[in-house]
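Keep the model in view as you read.

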Amino acid sequence: MMMTQGPWMLALSASPKWLESLVERLFAYLPAWLTSSLAPTEVADFIVWPLIQIGVMLVVVLTAVAYLTLAERKVSAWIQVRVGPNRTGPLGLLQPAADGIKLLIKEDVIPFKADKTVFTLAPIISMVCAFIVLAVLPYGPHYASITNINIGLLFILSVSSVGVLGIILGGWASNSKYPLLGALRSSAQMVSYEAAIGLTIVSALIFTRTFSMQGIVEAQRSLGIWFVLFLFPSFIVFLISVVAETNRAPFDLAEAESELVGGFHTEYSGFRFSIFFIAEYANMVVVSAIGATLYLGGWYVPGMDWVAARLPEAYREAALTLMGVTAFAIKCGAILYLFIWMRWTFPRYRYDQLMELGWKWLMPAALANIALTATIFIVGKELGLVRSAGGVLQMDWQGKLFFTLAGLLSMFPILALLNAINRNSKSFNLRAQRTTIPVSTRKVKLSPGVKAA
Amino acid sequence: MNAIPLVTHHTETLFDSEQMVLSMGPQHPSTHGVLRVILKLDGERVVDLDCDIGYLHRGAEKIFENRLYPMIAPYFDRLDYIAAVSNGLLYVETVEKAMGLEVPPRAQYLRVILTELNRLSSHLLWLATHALDIGGFTVFLYAFREREEILKIFENFFGARLTCHAFRIGGMTYDAYPEFEAQVRAFCDLFPKRLEEYETLLNENRIWLGRTVGIGIISAEDAISLGLTGAPLRGSGVDYDVRKTDPYECYADLEFDIPIGENGDTFDRYLVRMEEMRQSRRIIMQALDRLPDGPVMGKVPKVIRVPAGEVYHSIEGPKGELGLYLVSDGGTKPYRLRMRPASFVNLGALRKMAVGSLVSDVVAVIGSLDIVLGEIDR
Amino acid sequence: MSDETKPAPEGQPSAADAEREAKVAAAKAKAAAAKAAGESVAAPAESAPAQATPTDADKEAKIAAAKAKAAAAKAAREAAGDGGDAPKPAPAKAPAKAAAKAPAKKEVAPAYAEIKDDAFIAALRASFQDDIKEAVTSNGQQIVRVVPERARDLLWYLRYDAAIRFDMLTDVTAAHYPERKAFEVVYQLYSIPENRRLRVKAELPEDQPIYTVSDIWTAANWLEREAYDMFGIVFEGHPDLRRILLPEGWVGFPLRKEYPVEYRHNEWVAENLNILEIPEGADLTGKFD
Amino acid sequence: MLLVGWEAVFFWMLTLVALFAAVFTVSARNPVHCALFLISTLIAKGALFLLLRAEFVAGAQILVYVGGILVLFLFVLMLVNTRSEVENPFNRQDKVGAFIAALVGLAILGAVTYTQQRGGFFKTKPSADRMAIENAKPDPNAPAGVISADTETLGVTLYTRAVLPFEIASVLLLMAIVGSVLLARDRRQEETYD
Amino acid sequence: MMTFLALAASWAARQASEPSLMERYVQGLKEVDASKFLVLSAIIFSLGMGGVLIRRNIIVIFMSVELMLSAANLNFIAFARYWQTQGGLYAYNGHVMTIFVIVVAAAEAALGLGLLLALYRNRETIAADEINLLKW
């Protein structure tokens, strides 16, 4: 993250006079014990600059999450041939603000015998876990991502597994039968699908060869190709289990109104409910960011370096960052659109079908995928198509072609395996169970009054 | 099965009680109206089920015995408030049959067109709420968009969207408004494309199949002995449609078919109703082409006295066979007027279909039976 | 009541005879009549001057109709008068029945005409001799009256061993006749293969139970529970005979004739809806504050 | 192995959190609160591992321990949460138990401080160049993607020198799965299978 | 008596030469070495043991066992780290051992809770001291 020439130096050198005096005055405000022990450059690098980054990131991501709710309602309206919210503010753009204020004003009810501390703690846990992960995501090249710890992906997995606790405690603390059932159901679902996500990420690590998020993007940048081509089946398994992990779309059984009225957040109202609500959408954003980084090349777009090379020296860095951030945003948006699209077209799974899909379909697919990708990689290494120099892969076009083909072809053995596993499971091979699904039923031409057949 | 104690929320831990009594109460989102289903659960599986109805009981049959014949007609729109037109038709036809009145042909054709339109709007509402219970929110909004077209036509014709009332004993009060035929024809041209939209969303949808195929299966013999009528009966493969076996109005000379299912599960009932919608549209088109002109009100005496005797008359309502048993003593008020509601008998079959399945299947089966509480509780 | 005479009737189709062989034949006749009427009405409209209002043709038709109606009303009143003292056990019947289509002769078909020439009914009577009190038809529908004790056997026979299998029980209901202190339990049967309806009625004294048929047709389970709920008829052998529509503790059976229609003070209502004691003579127009 | 400066500050903060939560894990009345405090101790320990440059183990600890085992604990707690616990969480021999535990604790502490006093074997300072390697700032120009030394070497040792225990662990886990499935069967399923 | 005085004098001399208690205390605060980790894990271990011995609820006993196991983990990693800075061989044994401890803890938790559920189903209670009959 540290540039030879601190990013703030770059900013300072190009900035007008009044800005420098402002920085000096700001510098004076910092507490004495903080600045005394560190050299000025260190202070700038380790305190001022991260604060600025965190501030920008929070503002950007929070508005993104807020407007995601609006986007969901607009897209669902568009799917259902109606017009989404357009009353509040120009074109309905202030709708998230309106929702926020409404939820703030609403009275915050705590059920009678509920466990106060745990009741208030639950939404906080799930929201904090959703937001910690934002620090690690690679929004853009060097200093557009806040930190670059070298176990980025493992960190994200462990934090999201702690997120499950928020839901369990939320359900348990509201001390009534329906939320408890909802909490048990959704936590069991999240735990089992998290295992599936972990396995798909393992199969992706074979090519990325590092946990750190920036490292993954660098790997795809150095190869000049997105990993979705090499790891196509694992990308599909990742998408499905990610949708299930965030309790959305066809898997949103936790808050299935038709059976358990409201699921684990039945008893929550007012501000606490909005925290759960924001946590769910933040989880969605985080998960789509991981998908974008791991499979769709994070902020890297193939033609990027070529364009940056054309620009004059001073603007190269800024242009790279701009392109990176927009590419990342577009990819996340694409995956989020998929989330929303899925939600409004598919009906809901039943609970046992949902668990069966998790354990008998996605888990074996992920395991088989790891084995297949590993063998393909070894074969590629033997054939000399891929060399690893200093921890980063090098591949020429034959290697890329070979791995892409292998990636796509490995879909079929996996499907064969899944078919073998689920041959006799009743609810899913519907074709075999129903010889013909009679779309047009047998029409009986009964002449009036004559005895029926 | 003996009577299940109504309210037993005693278990505080989930684990120790072998069976948990869950009451899908009168105000549950997926029971269509004020129906309370008491489920005895073993974990997720339904061990026993008892329907607690009567929340909407208005003592209709008692009121009928104290009202003059013309005054009873509006009550019938409030019984099955989703298919008000066909209820009205049932009552009016029964009295005409008892008195032997002749309804002018134009009134007959108009009545058939309006009842079939009402069947379409009732089936669309069924599709909407059925899909909503299983999670398909988009189908809900598509179906209501079409239903809105029909309700506009009703509003122009009857002046009311839900409790429509224009059928009088002996014919109809007012004739069709000028643009009636044009609007109905426009709707009929538009409707097949919209049906395709629903079917692309649902027929090949793996999750929809997973939730409806093989759920709430009922065999043909059980269906007949349970007295099921309408789509649930035809879904199990029994060819029984009152419009064909005992034609009334002018159904005798209209060409239409009856869809028959094979396996009697929720998916077959869904297919049967979708096909019925197509057939209704076909009926409407034929009836529009042959709409004769002439008076819409037959010869009816000032004071309507039904001659002594009794009559049982039934029509094919959207929910099943609606029957009316009229015993008259020659006076101006019916001695006994008993309505045989289709959803009341169909709901009786819920226990046989849903016991042994999961909680979310009970919701799907209730949706596929298409019950209306106004008609059940009378 | 009688059909209006048309200004230019072309060969009125002969009225369907009293005992219609196949209901559907009547329906076809009616449909034919409808078509004929359609043309006839259309004919005079064309013949009348296109633009001139066709009122004069209608005016004559109206006058004729009014006269015919007056005559019919007078006939109906006389019939009601002499019908009152009919000795027949069936309820007071006004014989006037507008079956006759022929304008001139007013031939009144009796409400309940004896079934004579039906093979199936004859076979039925043969096998049940005196238990079937009578087999009549009303408004073209066949009714069989049976002694309540043998009702279940007759229904079993009709369901399983009869020539025409009535496999569907459409309805079980009852009617209360206080003057004879009896209920009439009505079973509406329908045979899907033969497409034929039959109504079996059993006249049951008020306090005497009748045997259930819910083991023959499962549909009867809920229908009998409703009959019990509304009339208090006890169906012996019913697996779960308890009120279905009214709340558990409700006192009284609403559909009995002596049960008054307007609001009356009732234990369940007082206990559960805690409506205060109503002072005598208070007007019950909905003011319960 | 000296944590100096900011690392020391973090170390002391984390030890406070860990100790505080450990005490409450043992003494909380409501079992769910015990679980929550246990979770906080484990997370504090995970952070301590990071200080000790053991990144992979820190991640694994939180992922498996907190995300897996404690979720299981909460599951079971919710299934059988009896109210009786709230009255007196401690059993009859609570005095004796506390005394024994304190005794053992003191014994271990004595051993540790004793070795510390006698010129304990921790005293020896690591060689100068070793220290330089340890506390060197990360080289700014190194490609960001290089895998952290810790995870790589751990992976290698796990699959080369520690293969036998690795296989034994997998067999152990298999046995645990089969055992828990067998235990979780209720009467009805048992009849059908036996 | 003389020897005692001589001892005291040498002790005082040594004390004077060495840095005062206060400095050593501050020095200890600043420089955190492996022994501090050992002390922390010892305390947590004894707390866990106390929990096991004192608590009634079996689940909380399980949790205290987990506490003891995690204290052991801390020791492993502390020693691994120390050995690593001494440039010793096989510094990663500590990490590997910790992973195996976590695996064992997971297996133990799964089976233990399974047994607990079976026990609960039969005896309706999970208080440790109520389960005292060998044959129920």
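Predicted model: local features only at pLDDT ≥ 70, side-chain atom pairs only at ≥ 80, totals over all residues.

Residues are numbered from 1 along each chain as its sequence is written, while chains are lettered from A and ligands numbered from 1 in the order in which they are written.

**Chains A and D**

- Chain A has 18 helices and 3 strands. Helices (H or I, at least four residues) and strands (E, at least two) are DSSP runs, numbered from the N terminus.
- Chain A holds 453 residues, and 41% of them are buried. A residue is buried if 20 or more other C-beta atoms lie within 10 Å of its own, exposed if 12 or fewer, and partly exposed in between; these C-beta atoms are placed from the backbone.
- Take the contacts in chain A with a separation of 6 or more: 79% of them join residues 24 or more positions apart. Two residues are in contact if their C-beta atoms, placed from the backbone, lie within 7 Å.
- Chain D has 8 helices and 0 strands. From the N terminus, its elements read α-α-α-α-α-α-α-α.
- Chain D holds 194 residues, and 31% count as buried.
- In chain D, residues 24 or more positions apart make up 52% of the contacts with a separation of 6 or more.

**Helix pairs**

- In chain D, the axes of H2(D) and H3(D) come within 9 Å and cross at roughly 175°. Axes are lines fitted to C-alpha atoms, for helices over the stretch in contact, and angles run from 0 to 180 degrees between N-to-C directions.
- H2(D) and H3(D) are therefore roughly antiparallel. Angles under 35 degrees count as roughly parallel, over 145 as roughly antiparallel, 65 to 115 as roughly perpendicular and the rest as oblique.
- Residues of H2(D) in this contact include D:Ala35, D:Leu38 and D:Phe49. Among those of H3(D) are D:Tyr65, D:Leu70 and D:Phe73.
- The contact of H2(D) with H3(D) has 18 nonpolar, 2 polar and 2 charged residues. Ala, Val, Leu, Ile, Met, Phe, Trp, Tyr, Cys and Pro count as nonpolar, Asp, Glu, Lys and Arg as charged, and the others, Gly among them, as polar.
- In chain A, H11 (residues 232–245) packs with H12 (residues 270–296) at about 170°, with axes 11 Å apart. That makes H11(A) roughly antiparallel to H12(A).
- H11(A) brings residues including A:Phe235 and A:Val242 to this contact, and H12(A) brings residues including A:Val287 and A:Tyr295.

**An enclosed helix**

- H4(B) covers residues 105–134, 30 residues in all. From first C-alpha to last it reaches 44 Å, close to the 44 Å expected at 1.5 Å a residue. The expected span is 1.5 Å times one less than the number of residues.
- In H4(B), 29 of the 30 residues are buried, so this helix is largely enclosed by the rest of the structure.
- B:Gly135 follows H4(B) and has a positive phi, near 110°.

**Where chains meet**

- The contact between chains E and D takes 65 residues from chain E and 77 from chain D. H5(E) gives the largest share of chain E's side, 21 residues.
- That side of chain E has 44 nonpolar, 13 polar and 8 charged residues.
- The contact between chains D and A takes 20 residues from chain D and 30 from chain A. H3(D) gives the most to chain D's side, with 10 residues.

**The largest nonpolar core**

- The largest nonpolar core has 352 residues. Such a core is a set of buried Ala, Val, Leu, Ile, Met, Phe, Trp, Tyr and Cys residues joined through C-beta atoms within 7 Å.
- B:Leu350, C:Val200, C:Ile233, D:Ala35 and D:Leu70 touch the most other members. H3(D) gives the most to this core, with 17 residues.

**Two positive phi values**

- B:Asp370 is not a glycine, yet its phi is positive, about 55°. B:Asp370 sits in the loop between H14 and H15 of chain B. With 26 C-beta neighbours inside 10 Å, B:Asp370 counts as buried.
- D:Arg53 has a positive phi near 60°. D:Arg53 lies in the loop between H2 and H3 of chain D. With 17 C-beta neighbours inside 10 Å, D:Arg53 counts as partly exposed.
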